Amino acid sequence: MRQRKNVDVSSTINNIKNNLKIPKTPKNNKFTHPLLNNNVFYLCLFFRFINAFFVQTYFNPDEHWQALEVAHHISFGYGHLTWEWEKGIRSYLHPVIFAALYKVLAFLNLDKPWFMIRTPRLLQSVFSAIGDLYLFKLSQEIFGDSVAKFALFAQLTNWFMFFCITRTLSNSLETVLTVVSLYYWPCIRPSASKISRGSRKWGLAIAALACAVRPTSAITWIYIGLLELYLTRDKLKFVLLEVIPIGTLILGLTFLVDGWMYGTWVLVPLNFLKFNFLSSGGDYYGTHVWHWYFSQGFTVMVFTFLPFSLAGIFKSKQWKLSGLIAWCLGIYSLLGHKEFRFVLPVLPIALMFAGYWLATIGGPDKSNGQGKRSPSTHDGCSAKLQLAILFLAVSNIPMAIYMSMVHQRGTEDVMNYLSVEAYNGKVKSVLFLTPCHATPYYSTLHRNLPMRFLDCTPSDEKGALDESDRFLADPAGFATAFAKNWSIPSHIVLFDYQEKLLKDFLALHNFGEIKRFFHAHFKVDRELQASVAVYTRKGFDDD
């Protein structure tokens with residue numbers, strides 16, 4: 001095990017205040033006191049609360065349609081359940097958390113538009129702050145206090161973490177559970193002898209919970225489990241007295257929750273495995289080249305921290321954790337359907353390595369065995385550290401703010417607007433002539449009004465086009481045919497691109513524009529959707 005040098009506490013404090021760089025410190029000093037962890041948690045909680053208020057854009061439909069929409073259905077008896085819930089490939093364990101929140105809001109008579117929109121992300125920000133704290137603690141245990149400080153800096157300033165971690169995606173909670181669980185695994189620690197006997201059981205339980213929330217989390221825990229099995233001396237005890245009992249307990253509890261919510265016995269992990277891995281059902285939503293995570297996906301997430309992360313990996317020689325990153329990226333690369341959020345759980349590990357490299361800039365020079373630097377060397381390293389921090393902050397903070405507050409905000413804004421209008425009794429029904437799941441739904445509107453969106457349920461017939469595809473292929477033709485059998489809505493929501501092609505259709509049915517919201521400056525996966533328009537039928541209040 002790497003030996004650690006004793007440090008003069010007063011000089012260390014001066015280094016923190018003046019240069020933000022300290023050498024690795026012993027575990028029993030004041031910097032690892034529980035009060036420090038409390039302070040770190042409150043700092044992270046405050047930061048994530050602000051983070052949650054900054055996030056005002058639309059990223060992925062699952063944030064609403066697989067979490068909040070389901071929770072709203074549980075709590076209030078209405079809300080759309082997508083085809084995944086009919087096939088039993090989603091667990092209710094994650095939505096139930098937000099259903100409990102909605103119940104509390106309703107009990108306190110606070111289920112008003114502002115609270116319904118904001119509180120779910122505020123709740124997720126609490127979980128996120130716990131993840132931040134445990135990344136700090138994990139870095140502290142493996143590398144020491146200096147690295148922990150810079151790892152936390154990386155975690156809080158990385159643009160993608162800011163953009164994603166307070167969203168109500170199951171991947172966000174999975175990421176938090178992954179970091180918390182890693183802290184308790186002996187195989188990750190430099191010295192397993194310093195860890196409590198029950199620590200591994202906690203790690204197992206939290207890992208099992210992560211798999212219950214999101215079955216693909218098993219990819220992470222297969223690696224960690226095999227590593228622990230290889231390193232531990234009590235292999236039979238580990239498998240027979242810990243893995244099997246704890247795994248069975250968590251799986252059994254999940255089985256009971258899902259059976260209760262579905263109204264029948266459903267083994268969600270098995271259904272999930274069949275659809276996403278054995279039948280490649282996820283490919284219906286698009287595929288990417290095998291190297292996408294390495295060449296685009298994960299590199300964009302790490303962003304300008306990437307060279308620091310790579311340098312930290314090679315400098316630290318902590319191959320177990322860097323191997324976890326490579327393992328997850330490699331396994332996920334075998335799947336055709338790829339998304340940024342799938343590899344979110346290993347992003348904090350990459351950022352921890354970036355923190356390691358930052359901590360080495362200006363750290364004690366060990367070449368002379370005295371851990372001292374000349375004044376000129378000290379000043380040079382201090383300048384390099386300050387330049388690195390400035391570079392990372394300047395490159396990540398504007399990106400985080402733009403993606404969280406500007407890019408693709410129109411679909412959030414339009415539903416926030418409609419929720420207030422509906423609360424005031426000014427909406428009777430809504431038709432969304434947009435790609436499917438392009439906006440939040442009942443969980444934001446929070447009024448049991450007729451709404452209709454274009455369906456995109458995967459078809460058993462290969463090559464068959466769903467409603468959303470048919471509309472995008474021929475907006476005017478689809479809308480004309482659709483209107484022959486519709487119950488005419490009071491409001492229509494659509495993007496500006498399709499709006500141009502439906503001007504005559506809207507005028508024919510006496511619809512006029514009442515509101516428009518900016519959406520995006522550039523296109524993502526289809527034509528530019530610059531704005532979202534709301535049309536209302538003239539005189540519908542007189543009906």
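A disulfide, as the word is used in this talk, is a pair of cysteine sulfur atoms within 2.5 Å. A search of the whole structure finds 1 of these, and it joins cysteine 436 to cysteine 456, with the sulfur atoms 2.0 Å apart. The torsion about that S-S bond is about 85 degrees, so the disulfide is right-handed. Cysteine 436 lies in the loop between β1 (430-433) and α20 (442-445), and cysteine 456 in the loop between β2 (451-453) and α21 (467-473), so the pair ties together parts that are 20 residues apart in sequence.

Before I go on, please keep in mind that this is a predicted model, in which local features need pLDDT of at least 70 and side-chain atom pairs count only at pLDDT 80 or more, while totals for chains, interfaces and linings use all residues. Residues are numbered from 1 along each chain as its sequence is written, and side-chain values use heavy atoms, with hydrogens and water left out. Helices (H or I, at least four residues) and strands (E, at least two) are DSSP runs, numbered from the N terminus.

Cysteine 436, at 17% relative accessibility, counts as buried, and so does cysteine 456, at 4%. Two other cysteines are also buried, namely cysteine 44, with a relative accessible area of 0%, and cysteine 187, with 3%.

Let me turn to helix α17, which covers residues 347-360. The expected span of a helix is 1.5 Å times one less than its number of residues, and for the 14 residues of α17 this gives 20 Å, which agrees with its end C-alpha atoms being 20 Å apart. Of those 14 residues, 12 are buried, so the helix is largely enclosed by the rest of the structure; among them are Leu347, Ile349, Phe353 and Tyr356.

Tyrosine 356 brings me to the aromatic residues. Rings of Phe, Tyr and Trp (its six-membered ring) pair if their centres lie within 6.5 Å, and planes under 30 degrees apart count as stacked, over 60 as edge-to-face and the rest as tilted. The structure holds 45 aromatic pairs. In one of them, the rings of phenylalanine 143 and tyrosine 356 have their centres 4.8 Å apart and their planes at 55 degrees, so the pair is tilted. Phenylalanine 143 lies in the loop between α6 (113-142) and α7 (145-157) and tyrosine 356 in helix α17, so the pair ties together parts that are 213 residues apart in sequence. Phenylalanine 143 is buried, with a relative accessible area of 1%, and tyrosine 356 is buried as well, with 10%.

Phenylalanine 314 and tryptophan 319, on the other hand, form an edge-to-face pair, at 6.1 Å centre to centre and 70 degrees between the planes. Here phenylalanine 314 is exposed, with a relative accessible area of 56%, and tryptophan 319 counts as partly exposed at 47%.

Now to the charged side chains. Which residue forms a salt bridge with arginine 341? A salt bridge is a side-chain nitrogen of Lys or Arg within 4 Å of a carboxyl oxygen of Asp or Glu, and by this rule the count comes to 17. The partner of arginine 341 is aspartate 62, the closest N and O atoms being 2.9 Å apart. Arginine 341 lies in the loop between α16 (319-333) and α17, and aspartate 62 in helix α3 (residues 62-76), so this pair ties together parts that are 279 residues apart in sequence. Both ends are buried, arginine 341 with a relative accessible area of 5% and aspartate 62 with 13%.

A further salt bridge, at 3.4 Å from N to O, is where the side chains of arginine 121 and glutamate 412 meet. This pair links distant parts of the chain, with arginine 121 in helix α6 and glutamate 412 in helix α19 (residues 410-423), 291 residues apart. Arginine 121 counts as buried at 7% relative accessibility, and glutamate 412 counts as buried at 5%.

Finally, arginine 409 forms a salt bridge with aspartate 413, where the closest N and O atoms are 2.6 Å apart. Salt bridges that share partners also join Asp62, Arg90, Glu339 and Arg341 into one network.

Terms used:
Buried means under 20% relative accessible area, exposed over 50%, partly exposed in between (1.4 Å probe, protein chains only).
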